[in-house]
Each structure stands twice: as C-alpha cells, then as structure tokens.
Number of protein chains: 6
Amino acid sequence: MMRREETMKIFAGSSGKKFAGDICAILNTELGQSETIVFTEGNIFVRVLETVRDKDIYLVQSVALQPNNEFMEILFWIDAFKRANANSVTLVMPYFGYAKGDKKDEPRVSIRARVCADAIEVAGADRVVTMDLHSPQIQGFFKKSVDHLYAVPVLCEALDKLNLKNVVAVAPDAGFAKQVRKYAGRLKASVAIGDKIRCGHDEKAEITTIIGDVKGRDAVITDDFTITCNTLADIARVLKEKGANRIVACVSHLLLDSNGIEVLEKSAIELLLSTDTVPNFEAQKSKRVRIVSAAGLFADTVKRIHHRESVSVLFEDLYN
Amino acid sequence: MMRREETMKIFAGSSGKKFAGDICAILNTELGQSETIVFTEGNIFVRVLETVRDKDIYLVQSVALQPNNEFMEILFWIDAFKRANANSVTLVMPYFGYAKGDKKDEPRVSIRARVCADAIEVAGADRVVTMDLHSPQIQGFFKKSVDHLYAVPVLCEALDKLNLKNVVAVAPDAGFAKQVRKYAGRLKASVAIGDKIRCGHDEKAEITTIIGDVKGRDAVITDDFTITCNTLADIARVLKEKGANRIVACVSHLLLDSNGIEVLEKSAIELLLSTDTVPNFEAQKSKRVRIVSAAGLFADTVKRIHHRESVSVLFEDLYN
Amino acid sequence: MMRREETMKIFAGSSGKKFAGDICAILNTELGQSETIVFTEGNIFVRVLETVRDKDIYLVQSVALQPNNEFMEILFWIDAFKRANANSVTLVMPYFGYAKGDKKDEPRVSIRARVCADAIEVAGADRVVTMDLHSPQIQGFFKKSVDHLYAVPVLCEALDKLNLKNVVAVAPDAGFAKQVRKYAGRLKASVAIGDKIRCGHDEKAEITTIIGDVKGRDAVITDDFTITCNTLADIARVLKEKGANRIVACVSHLLLDSNGIEVLEKSAIELLLSTDTVPNFEAQKSKRVRIVSAAGLFADTVKRIHHRESVSVLFEDLYN
Amino acid sequence: MMRREETMKIFAGSSGKKFAGDICAILNTELGQSETIVFTEGNIFVRVLETVRDKDIYLVQSVALQPNNEFMEILFWIDAFKRANANSVTLVMPYFGYAKGDKKDEPRVSIRARVCADAIEVAGADRVVTMDLHSPQIQGFFKKSVDHLYAVPVLCEALDKLNLKNVVAVAPDAGFAKQVRKYAGRLKASVAIGDKIRCGHDEKAEITTIIGDVKGRDAVITDDFTITCNTLADIARVLKEKGANRIVACVSHLLLDSNGIEVLEKSAIELLLSTDTVPNFEAQKSKRVRIVSAAGLFADTVKRIHHRESVSVLFEDLYN
Amino acid sequence: MMRREETMKIFAGSSGKKFAGDICAILNTELGQSETIVFTEGNIFVRVLETVRDKDIYLVQSVALQPNNEFMEILFWIDAFKRANANSVTLVMPYFGYAKGDKKDEPRVSIRARVCADAIEVAGADRVVTMDLHSPQIQGFFKKSVDHLYAVPVLCEALDKLNLKNVVAVAPDAGFAKQVRKYAGRLKASVAIGDKIRCGHDEKAEITTIIGDVKGRDAVITDDFTITCNTLADIARVLKEKGANRIVACVSHLLLDSNGIEVLEKSAIELLLSTDTVPNFEAQKSKRVRIVSAAGLFADTVKRIHHRESVSVLFEDLYN
Amino acid sequence: MMRREETMKIFAGSSGKKFAGDICAILNTELGQSETIVFTEGNIFVRVLETVRDKDIYLVQSVALQPNNEFMEILFWIDAFKRANANSVTLVMPYFGYAKGDKKDEPRVSIRARVCADAIEVAGADRVVTMDLHSPQIQGFFKKSVDHLYAVPVLCEALDKLNLKNVVAVAPDAGFAKQVRKYAGRLKASVAIGDKIRCGHDEKAEITTIIGDVKGRDAVITDDFTITCNTLADIARVLKEKGANRIVACVSHLLLDSNGIEVLEKSAIELLLSTDTVPNFEAQKSKRVRIVSAAGLFADTVKRIHHRESVSVLFEDLYN
C-alpha cells in the first residue's frame, strides 16, 4: 500500500513553473517532470515524463497573461494525466483570468467563465483550487468542488507593516462593494465606494466620485486585479482631492502591463501591493510594486487537501 | 403546416394560475388545461389535459412562498410535457427563490441555485425566462439560455407618478450596490449604500449606517425582494435620521409575510412598490403596498420569444 | 492512512434525526453535526458543521410526510457534501415516497420517480440505499447502484409472535400480487388477491372481491404503504364476509394520517404492523398500530457497505 | 419549405423489412432505401442509400429472435442517420426483447433493459415507439419520450370473432396480474391468476394452481410473450381440470420456437392468438396459431406522431 | 413563417473574416455583424451585434496560425449564439489545427483533437463542417455530425492546368499513404511513398528514400498541410535524385512560415499549390505558391446544408 | 484495510474463459465465479456468483467471432459489476472487432467503433485494455483511458526463430503502411507496400502490385487481422512473382474461417503467425497456423495496472 505522501505529485504548466516550484520547496517535494512544446504555428503539445498511474496530481497554472495559450495547455495536461491513469487531477489555478466573463450584462455575449468551467470539467479535472475569483458565484459554474482561497490574510499582513492610520478601505466601484468588507473587517477600517456620475448634456461623459467619508484617513484601494491601473489611479486622485492622507492600493492578482506601470508611477498611489499568482516578472520590478508570495498559502492548501484536512479553517475570520 | 401562433401554448403551475391568466388575457389566448393533485401526505401529481405534441410550451410558475412544493411541481411539469412530446418547454419562472443560494460564502454549504438549475435542466427544460435574479451570475448556472428580465421599467414608471424630487437611490447593502445603479440611471438619481458597522466591545453588535449623501433628498430604497421588511425599515429609519425627505421602497419580488406587513406599517416607509411575480395575495392588501403588474412585460417577452424577435430590445437603456 | 472505520460518517436530514440516531447507537458512532434552517418563506438552507473531506458520507432521510421539503433538502445536502470534498455520498432513503410515480399509465403525466432519480444523481449521490420500493423496476431508474432492502424479515419476525394459524397472505390488488409471494414464502402461507368488479349499469360503481380461498384462515393483508387505510379496511371487511378468522395488516412504510387512524380503529383489522422508516409519531400512538424498528437492518447494511461485505446475503431466502 | 409529408421517411432494419413494408403500404409511402451487410465473422455494417438530411426518420426493427444482432444493428442505424444529419430518429421497436431484464430480483445481475435504453439514447435516438413492454415502468428507463402501444384492441377484436361465452381472463402468474385487467375490462370478463405452490418435503417441487373461479367458463390465457409455450400449456391443463370450457391463449409477441409449437399442438389450448411484431415466420404456419397484424396500429401511430396528433387517444378505454 | 433563406446567417470569427466574406459574396448574402475585442492582457471578448433568435448560424473560423486564440474565440462565439437563442450553430472550421493530435503514439500525452471536440460540443455546437482532417477517424471524436470536405477536386482542377505528364502521386510518408490514393485516382497517376531508413551505427541518423517507381515521371507530392516545408523539400530532393521530371507539391492547408518560404524557394519544388483555408497572407505572396480558393466549395456546402441537400454528392468520385 | 492484492478480481465473459484462465494461471489467482445463460430465443443473461463489493474488476472478453453476442454480454457484465458495487471495472478486450468501423469514408454510414465506445462508457466501464486496434486514433473514441498493447514483441520473438534472412516487411495496403514500420524497426527490415491498380477499360478490374523492392528477400506480410486470407494470399502470390524468397504472414488477431484456412493452405504463405486473442480453436488446428500466446502480455499488464506501475514501459522500443 502506498503511503499517503507517495501518492501526491505536483506538476506545473509552462507558465506555472516558478509558482509551483515555490510550493514544492515549501512542501519539500520534487516538481513532477514534464515538458511543453510550442510548435512554430502556435500548436501546443504536452508530455508527462514520469509515471503517474494512480497518483493524485496537482497541476499548477494560472490563466493570466497569455490566457488562451495557458487555458488550452491546461486542458491538454488534464487529458494527458487522465489518459495516463492518474487517480485524480486537481487543477490549481491561482488566477483564473476568464472569471471576469461571469455574466450576460448586455445582449448576445458569452458567459466565458462558464464556457471555461465546462471545458475544464469535460477534460476531466476532479477538483479546482483558485484564489479570489472575480465574483464568488463563479464557484457555482463548476459542478466539481472548488477550494476558493482569499488573498486577504497575506495582503493584510503586508499592509500591517505599513503602519497605516485611521484606515478607510475603498472599493473602486459598486461591483467590489461586497468584497471590500472583508478587508474592512480585517483592518478594522471604514468603507468607501467609488462611483461614476454622468454629467452635462453629453450622456457619455462621466466623472468619478466617492461615496463615503475619506477626509484625513489613510486609504487602501482594493480590487481583485488591475491591468491598466487607470481605475486605481483615478480613484486615488479623487481620494487626494477629498483629503485622504496616504494612499496605497492592494490587488489580489497583478496583470499590470508596461503602460500600467507608467500610470502607477505617475499616480497618487504610494504603493501597489499584490501576490505572485500571475508570473508578471516585468511589473514586479517597479519600485511602487510590492509582491507578497501566496505560495505558502497554496502549499498549505495542497497539503491539507491531500491529507484530508479542512481548508476553510484557514479563512475562518473571513466568513461572516 | 401549423402556423406559428398555433404552436404556442401557455400553461400554469398551481401557484402561477393568476399570473399566467393575466399573460394569456394580454396575448388573447387560452391557458392550457391541466391539473395538479396534492395527496394527503404531500405528494404532488400533475396531469396535462390536452394534446401538446410538437407544441412550444411556456410553463408559468414562480418558486416563491412554498418554494419546495413549487419547485418539485415544476420538475414534474417539465417531464410531463417532454414525455408528451412537446417540441420545447420554456420555463417562465417570474421569481426564482433559490437564486439566493448562489455562492459558498461559508464552508460546507450547498450552492442551491446551481442544484436547482441542474435539476431543471436534467428534467428537460429548453429555456428559462425569469426576472431580477439575486445576482446576474446565476444565468451562468444554466447551460440553457436564460432570458433575464428587469423590473426597473415597470417599477420606475410607477415611481414617476409619485413626483419624487431630488432623488437618491439607496441600496440597502453592498450586495445590491451594483444593481441600484440601474435605478439611479433611469431616475437620474444619485446613489447611497447601506452599511453595517460593528460597535463597542461586542463583536456581534452592529449599527446600520449609510454611505453617501441623502440629506434633503427623496429616497427610493431598492432591493430584489423582501420577506421581513426589517432591512428596509432599518435603512428607512437611518435615512430619516440623516435628513431624507420622503422615503419609498421598491422591490422586484414581494415575499412579505404578516410580520413584515406590520414592520412596514410601523416604518418610515411611505409606500412599498413591487410587482406581482409572487402570488402574495395577503401582502397586496396592505395600504402601504402598491402592486404594479409585470404580466405585460412577460406577455411581451413570451410573444417576442415565440415570434423570434429580440427580447433585449426591451431593456436597451439598462445595459451599460 | 486512515483506518476504514474513520472514513465512515453518518449524517441525518432534518426529518431523519431519530432514525439515523438509532442507527448510530447500534453502530456505536456519533451522528455527524449539521443544521437545517427553514426561512420564513419556506426556503431551506443546510450547513455541515464538521470537516468531511475524503469521508464516506451516509445521509439518512426519507421522502415521506413532507415529501417536497424532504426531497429538496436531500439535494442540498448531497451538493454540500460533494462541494466539501466528501469522498462519497450514500443516500440512505428508508422510504422513497415518489417511487409511487413509476409509470405513465395515463397520457401526459410525469414519471416522477425517474425525475427524482435524475435530480439525485445530478446532485452527486454515489449510491442509494432504500427499502421496499413501490416496484422493483425503480432500481433501474437509477444509474448508480441501489441497495434495496426488504422489510419482510423484520415484519415476519413480529408476525411470528402473533401465533397466526393456517395463514393466507393477501395482496390488496393485482399490483401487489407479485410481492405478496415473498410473505407467503416466508410464512408458508397460501395467497389471495383483492380485485375490483364493476357492477350494474353504472360503469363507475365497483365492488371489492377477493380471488382465492380465505375461509377459516387467518389473513395477513400486506402492502408497501398505507395513507388512508381505506383499501386495507375494505379488504378486511370482505375477508370477514368470506369467513376469514383473525385479520392483521402489515405495511412496510407507515404514512397513516389522522383520518386513516380512525378508519383503522373502526375496521376489522386487529393490528397494523409497520416499520419506523417514516417518522410518523402520531400514528405510532394508536393501539392498533405496532412498530417494528428497521434501524437494525439499516445499521447492518451501512456497516456491510462500508466494510465491503455482501448486503444481499441478508435476504438470501427472498430471491426466488 | 418542405411540406410535412415530405419530411417523413420510414426505414427498416434487416429483420423489420416485412413489418415496415406493411406500415408503408398502409401509409402509401415508399420504404427508405438502405442495406445491411453481415460479414463472415458476424460484424454488421449498415448503409443508408438515400439522402436523409433534415428528414424525420422512423426506423422499424424489433429486438426479438436474434436480439443481439438486431440490437447492435439498431445502434448503428441510429448513428448513421444522425451523422447523415437526419432531423430526428424515432426508433419503432414493436417488440423489445431485453425489456424482460427490468429489475434486480437477485444479487449481482444486470438491469439489462436500462443498459439497452442508455445505449439507444447515447447513440442518438430522439423518441421510441414500442408495444406491450414487459412492465410499464420500463418507460422510465428512457429519458426520451416513449409512445407505448397496447395490443389489446387488435387482439380483442380477433377474440370477439371466436364467440367465447362467460369469459374468464387468466394471468399465468402474479407478474401479469395487473395487465390482465385490461383484457378483462375490454372483454367484460372475470379474472383468475395462476400460482405455484410448493408441495411435500421437497422444497423445489411446485404444482400449478389457479386463484379464482373458472368452472364452466371459456378461458382466455393472456401474457406479453411466449417462447416455449410451457407456462401456457400448464395453465391450460389446470384450467381443464378445474372445469373450464373452451381455452384460448393470447400473447402480444410471438417468440414460439419449434419445441414450443409442439407443446402448443399437444396442449389443451384451442388457439394461440398473437400479433406480427416478431418476424416469426415458422411459428405462423402452425394451425393452432392465428396472427393478427399490428401494422395498422403502428401505421396509425407513426402518422399521428408525424402530424402532431394524439397517440393516447387510440387507447382511451385502457387507461383506468 | 420565415422562409428558409431568412433563417440562414453566416458569421465570422476574427481570423475568418476574409474567407467568410468570400462565401457570403458567392451566396449573395450579408455577413452577420459582430465584434471581437482582445484586451491588453490577451483576454478575448465577443459580441453579436444583431438579433439571432431562432436563426441557423454558420460560424466561420479556422484553428490555424494562432490556434489557441482562435479556438477559445470559437468556444465563446458558440456560447454567445446559443445563449442568444440561435436555433442551431454550425461550426465551419475550414482548417482544424489540433486534428494533428489524434492519437497516443507515445505514453502520457493528450489526444488533443478529442479534447477540442469535447470542448466544442459542450459549448453547444450542433454540427461541424471542416476539410481534410489529419486523419478520417477524427470525425469519430465528435458525437455531433461532421460534414467532411475534400480539397482534392479544387486542387486537381488547378493541377490539370499544369499539363503534367506521366504523373506519380507521392505521399511524403506512410501516414499519408492512404490519402494519396484519392489524388492518384483523380489524376490517373501511379503512387510512391516516402520512407525514412536508419543508417550506420548511429540509430538516430535517418536518410529519406522513396518506395515505388518515379524515374522519368512528373511528381506531385501531396500532404494535408505544411509549416516548415522541410519534408516536402527533402522528398523533392530524393525525387530529383531518382530521376523524376517536374516536381510540384500540393497541400490542403497552407501554414508555411517565413522560414518555410525560404526552404520552398531553394527546393526542387516548382510550385506549391494550396487552398485559402488558412489566412496566411504572407505565404501567399511567394511566387512559388499558388492559392486556389476553397470558398466556392464551402459556399456550396453551406447552401446544401441549409437547403437540406446532399453534401456527399460533391465528392462522389472520391469514395471508393 | 484490504491489501492491494485482495482487491483484484479477474472475471471472464463466456468466450473469454480460456484466455482469462491463462492470465489467472500466470498471476496465480482464481478466476472469478460467474455464469452466462443464453435463452432459446437468444437473450443473454449474466450473473456474478461471488461478492465484488469494492473490488477492482478485470473483465476479459474479446469482440470477435460472435461480435454482437459478445458485445452485448460485455455491456451486461459491466452493469452487473457496477450495480454490485465494484470499485472499478476494467474491460480487458484483447480484440475489439468493431474497431474496423472507425471512419465515415462513404456517405451515410455509422462510425461503429464510436457507437461501441459510447455504449461501453455509458454502461460504466472505468478503463479499457486492448491490443492492436485497427487504427491508433480509436483510443480517442474513448473518454476513459485506454491501455493499448502491441503484439509486435510476442510475434517478433516467434519470427526470430524462423531464421528469416534479408527481411522485407510488407503492408498489404496503404492503410497498414504506418504500422508496418513497427515490425520493420524491430526486425531491422526494409518496407514494401501492396497497392491496387485499375487496368484496361473496365474501371472495376484491379490488379495487385507491390510498391518497393522484394526480390531475393524473405518477406513478412503483416496485418492487424485476417478473416478470409484473400488479401494475404494475393500479396504472397505477387511477392513470389516478384522474386521473394520465403514468405510468412503475421497477424495480431486470427479470425480465419474455414474458407480462409483453405485459401491459406493453397497459398504461397509458408506459415501464418498470430496470437490467441480470438478464441478461434478451429483455425488453430491448421498446420500452416502457429499461435503465440498473448496471455503473458495481458497478465503482465493487469498486474502493472493493479500495482500502479507503468504499462508503456513494456513497449518502449515501439514509440518513435
């Protein structure tokens, strides 16, 4: 009989190598051997290089900066593991980029997150582990169980070190109004919410405003991700105008592109905190960016899953 | 060849008779004949009393005040129509009570809306029509297409008649912060959002506050539904304290029970507007309650679906 | 490695607490902690209160006197356990009320037992344990395996104590003609079958008769369940007229309502034997009702399933 | 736009040619062109020889005297039609031999009828038409709709011509006790039921008896099918002993093999009536066998299905 | 009632615009209005800009030079059309790049074509039209019907104009040995097949050879696609060595990259014929490349599908 | 806790008894007890005679000389094991006869191998083990994992003993051109391929030819199976004409019927080598036939699967 530890095997997709490696280092285990080949015309081919028969596979890869390549690769990995007779495949997808497409808020569009969930399940995934989905409902797009982690503990630990005073947690818009409460609770902060108001005759012109009291407070703008940094910078500007003191921003997933870095560096934002769920090596170099690793959180989660322990216990304070 | 009109047939579940009848009256068609028998021990039995072979069935029933009976009955109807060789079954579920169970915001609970969606689809429904789901993501719980209607147009038409001035649209909590914008847009109103703050030493004690400016304004508190009226009354009280003028409330679905009516009548709420998606005949009698019929909206939708016309065109202003 | 005993965990739905408790007492194990909340408007919410990751769950609840509430609750429990990463969920449903809806014997009705089976399977149940289904074919409505128990051994053990002589086992109608043979075989009894004959000019008027010899015999009327007791009382009357001696009745599942108790107490039936698969605490108080517990049978079954032993061995004499 | 008649196309499997041809003759339409090739080693290959794009296909074949060949051929036909872009495939399976395997009445056997139903549905059939299934519950093994026909009308019309007097309808055993009532109702007959009694010390020895009154009556023994004629002959002998007058037998599906013909011709059965759902050309030659064609019934059914008319109306008297 | 023509609507994915436009021009219809937005981080968003309720949609896009983007976009389109209540979605995928991954010819790899087929079907496609799949078995990876076209007629029509004499059709390797016969039959040519032989002590070193007679003949090297042109150039060299006269190559799908063009232009290949199924605008500029449009073939196919005519009739000569 | 060895249980279908028995003998285990009953009219009934709860079942049966009976029996076995609560069912199908139907190379035919794969999967098989499928793509017809074995090692070991010199491996036609390379590689042989050429005015007349050099060589004709031996004999004749020396044939699966034996014995084939995957006891008696047992290969595979070891390692040389 194999011992429980022997059945666990962590693998990484081509863009998850760094993060998976960090998890393996923490868990003191070897990353599974595999290779991904991308042909000239873009076709992806994956190959598992060691026996996985009856193993419990944890496949680590985000859908982030090359979302379509990363997603297709995930499907192929799942299939390869299942056809190689793995006992189970747990998809560890620290950031799930297509979660943004979670509703049909205009006619004749796709609910892309559900399309992706179905493709993942039909490929054969047995379970999903992810962090800070765009909306909590997305768990329900999966029929398989989803272990949903929160960046709040690791990010707030880093925020604590900044010695912010009289903090207000700011949601950039109504869509994040509910989630911002988790930060407010942990930071014992009040809440403010960004809003857009149409102005003048031109129906399209909008100005940003903030609902709630921010004067003289240190503000933490929070969101699930940022690409262009525009919204964050815009909110920061209004916060400044309304008399906020220090302004930091805090996002779970860092997709910042080169334009975004520029926007950040010109903005009123003192520091942008984020995790390493996205392999965004460029953005991590900016002085205004500070990365906190979520690898420990994921390592703990994988260990708990594999050893049949509760994962929710890690987030007990966050459930209301 | 049957003409298009001849293939349409509207049926009602036992608690949808009134609403379906109103739709039929508007569309100048007969309600399909059927009967529901509830045995002494609670077992439900349904029987279609006319041929439905190759007809397009529109089955009208909310999951509301007897949600489990109503839901099981829906499953049996769908099966009965499919086994009787209906061409298609469109479930017209004006209110979907289990939509509230749309996420796993604490450990080891069920995502009940997905459970219900799966049961509806496995029973054989081809399409769903519903109104103001608890969150827009729930459309993605269904694999089949969902025509999602909004009560905003019918409710705002009624609000217009109240001659409110300098209106602020109020979301009772962050969860409704996004949806309140649809009202604000239509009413050219500003936005305020209710919030709960923990106070004192007791972590459990919470006081209600309001983020945003309400002084001297007429306030419209909006929500998707109310049962106890407690939240609405609480917000109304704070609005009053903060200097709001007239206060009306506006919910899409009226589940108010007898206690709720009492709460309403003692509250600062001048009038509670709602639609008739829930057959809540008791609550409709209260003088503080005003019902606006959504039957016209659903009749128009069914007609458009059946005649292959756009439904989204009805809500063009609401998509941002 | 967990030992086999540690992976077993028995839970109860809200109406299965008593029966599950009895099973747990026999197996010397603690009932799993969980709670069911029913909101004012009827919405059910379930919550598992302990970690179930990788456990084999046995969920105990009949679909009986509040069939729709009980059934929906079952679906939500299954989903909650699966999303909480249980290894397997075995639905122990001692009585499955919707099994009655097992065929389409008139046009345009639903086969409700199949609708329920599909909903149970799509929710994620891995296996079903039940007793005396309305017809044995219902096992085939499930794709998952069904362990089907028989009440015959426990009921006949109780019958033995009544010292009946020269016994005839009576099926109230042709529908139970096949099952009555299991009793006849065990009791070494002959068989008689109730029948309805239309009489006179009125096509609707029917009189009950009995096919087979009953004169001078002690009769045991058997059926799978009774609600109103009308059929049993009617048969008992004719048995008396035809010269039967003592008359007892014997049903697997006791759904008797208050009217039924009255009918029973006015009838020629000396005693009505049944099991405790239905939590029918009212009916159990009647002096003419005697309850034999099936908890031992279910406890034995759960133990055998969990320890990979044969269940069919318990009923060897009953297979012909 | 094709007219409704143009979309209907009837095809036959290799053993359904005669029956399908009779249906086509009645409906005044050409049988679809196709061929079945059986290779030396038993492999079956099917080929549709005319365009079926967007046609509604009615495929006629029983699963009868070569049940495995016939069943596999059906699966291949369904796939061929679907891959050739037929609009729908209705499987017209006048006799479904594996319906006998409808329950698990002993441990570790297969529910073969469900296995077959699943294979038919996964191959792509859209609807099934069949006659006198072994038990009515089998409709519930299919998720797709089943039009279930009864032979009672055509067989009773033939029975009428025999001028039977004071008729008793006899079910050979308890398993057919419920169905025999349909004959009794139509023939205004009383009912009797065959039973087996164990005798003496040898538990295995059984003697046949009859429950119910048969003396001086003309008896019609009814069953869904017969292969060996043994049960029918046995019952006939006891009927004779108990003083029955004329004895005829009546089965829906005629599977009689050569031994069975011999048994029949030596028995007390004056005449065995059956339909032509099974292409049993040998048995049809016996003088004691009389075949009544069910092709008219199936032709009427196919026409009604195709023209969206009620099928159940054909059997109105048979629903109780 | 809509006329048949009115229900047809052709749409294009972002890389299928040119090809779809050509089809529409031939069919004298407007291309459906839609837009694809690619966000900075690579996320794709699609939007249908006109009502498609109850329309039959033909979505045109190859999976070719950006296979992952193109594939994901296809999934989103299908979902968008289905959720917008299209009557049917036919995926017209002239080149299906992942068809190459059609088998598991080494351990622990994915069968990528099946993964893709499942994702397409679960997204909701009703039918697929494609051309010259890497192997004909791939049709069986789809459960839905596949209309499989051949480039042979259009390519051979172009070959005819080259006045080749005494032609030998050459398969570059055994994998194409079967398909080359379709060319040989149409061109009345003999057949030769490329082969690799290991040589010397080094097991890895292989030399190309040709099985079959080529001396003094004009050679047409055929394959389903080429990216690098290496294999074709290699075979051409050996053909030259073995005394072949003129040498042309002929591939169904043109994926040639810039290196490939160079290889081609330095090779013994006089001309490379291909179709326009891949939007390879760069390669089409090479003087050695000649493109023959397959748009006519696809237009004819779409028209036939929509008007319920046979598609296979277009390729009658190619079936053996 | 059961030890790993105790959970393995090998069963045989009615035509797999000999082969399964050989596997069991090698693995030193008892064949599981079961029985198959074939009723007079052809109906198959299967019964497992020992407890299989939570066992890992390996069911051995080819689909070969009575393919439809054998296939249906397989479906029933799988269902019986699953309903008896087996932990897993691995279908060991040494020869899968319907693999020949793997494509739609003419209009309106079925892809029979996919139909069979779907039926196997819906019946509940968890994994398939088979050998030398007609084409490698068929693995992709299954969603479940397929362990695909090759006869090359066992057959080539037998070929080695024949002391063939200067060997050419011959594929009878282009369809086997790819697979013949596995033999050529192992035997260090060159390759030749059979071809058919149309001749004269009559388009139907074809003569066999051989592409490639065979003069003075010993030839090994290889194919996946043979029934009539016609193709092999035809190729042998041409090989002889073209100056080949010794000629042997080698097929994975031996379906040779009595005519085929005659053809073989009159042909230029010195010896026909094959395995025992097909229970073809008649053909094995011919002096020109030599059987090599594949039972060792399958025993090794089952053991490796059960003990979680690599199966692919057995064929390392065969992957290119």
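Chains A and E meet through the same surface, because 100% of the interface residues of chain A are also interface residues in chain E. This is a predicted model. The points below cover the chain arrangement, a sheet in chain F and one serine in chain C.

**Chain arrangement**
- Chain C and chain E do not touch either, and their nearest C-alpha atoms lie 16 Å apart.

**The sheet in chain F**
- An open sheet of five strands runs in the order β1-β4-β5-β6-β7 in chain F, with parallel pairing.
- The edges are β1 (8–12) and β7 (145–149) of chain F. Each has a single partner strand, so one side of each is left without a neighbour in the sheet.
- Neighbouring strands of this sheet are turned by 20° against each other on average, direction ignored.
- Five bridges join β1(F) to β4 (residues 56–60) of chain F, and the two strands run parallel.
- F:F11 has F:L59 in β4(F) as its bridge partner.

**C:S267**
- C:S267 sits in the loop between α8 (258–266) and β13 (271–275) of chain C.
- C:S267 counts as buried because its relative accessibility is 13%, and the cut-off is under 20%.
- The C:S267 side chain reaches the backbone nitrogen of C:I269 at 3.0 Å.
- Not counting residues up to four places away in sequence, C:S267 touches C:A233 and C:R288.

Methods:
Residues numbered from 1 in each chain as written. Chains lettered and ligands numbered in written order. Predicted model: local features only at pLDDT ≥ 70, side-chain atom pairs only at ≥ 80, totals over all residues. Heavy atoms only, no water. Contact = heavy atoms within 4.5 Å. Helix = DSSP H or I, 4+ residues; strand = E, 2+ residues; numbered from the N terminus. Buried < 20%, exposed > 50% of the residue type's maximum accessible area, 1.4 Å probe, protein only. Polar contact = N/O pair within 3.5 Å; in protein donor to acceptor, adjacent residues only side chain to side chain. Pairing = 2+ DSSP bridges. Axes fitted to C-alpha atoms, helices over the stretch in contact; angles between N-to-C directions.
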